[in-house]
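Here is a short walk through one structure. Keep the coordinates open as you read.

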Amino acid sequence: MVKPTRVTNSIRTIRERAGLTQAELAARIGVTRQTLIAIEQGKYSPSLELAFQIARVFAVGLDDIFQYPADHSAKDTS
């Protein structure tokens, strides 16, 4: 069984706002539609290179698309 990633994303929302279908975005970034679906659903984390390609299509920063929860268990170093 595949463990879902903790990385979340806003790809679907941004893609729909841009008027792109899953197939169109997948073709632009060089992956299959099934891969894009898995990324949108949080079942797969894209490589760093692919994440940059996605951000570049929408002309936004990585943080505008991908989120990673803060680790509350980390010790405060201040």
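What covers the buried residues of α2 includes α1 (11–17), α3 (33–40) and α4 (48–58). Contact here means heavy atoms within 4.5 Å. Helices (H or I, at least four residues) are DSSP runs, numbered from the N terminus. This is a predicted model: local features need pLDDT of at least 70, side-chain atom pairs count only at pLDDT 80 or more, and totals for chains, interfaces and linings use all residues. Residues are numbered from 1 along each chain as its sequence is written, and side-chain values use heavy atoms, with hydrogens and water left out.

Now take α2 itself, residues 22–29. Its buried residues are Q22, L25, A26 and I29. Buried means under 20% relative accessible area, exposed over 50%, partly exposed in between (1.4 Å probe, protein chains only). Down the axis of α2, the buried residues fall within an arc of 100°, so they line one face of the helix. That arc is taken over the directions from the helix axis to the C-beta atoms. The face turned away from the buried side carries exposed A27 and R28. Just after α2, G30 has a positive phi of about 80°.

Next, the partner α3. Q22, A23, L25, A26 and I29 in α2 meet R33, L36, I37 and E40 in α3.

Finally, look at D64, in helix α5 (residues 62–65). D64 is partly exposed, at a relative accessible area of 47%. D64 and N9 lie 55 residues apart in sequence, yet 8.5 Å apart in space, C-alpha to C-alpha. Leaving aside neighbours within four places in sequence, D64 is in contact with S10 and I14.

Conventions:
Helix = DSSP H or I, 4+ residues; strand = E, 2+ residues; numbered from the N terminus.
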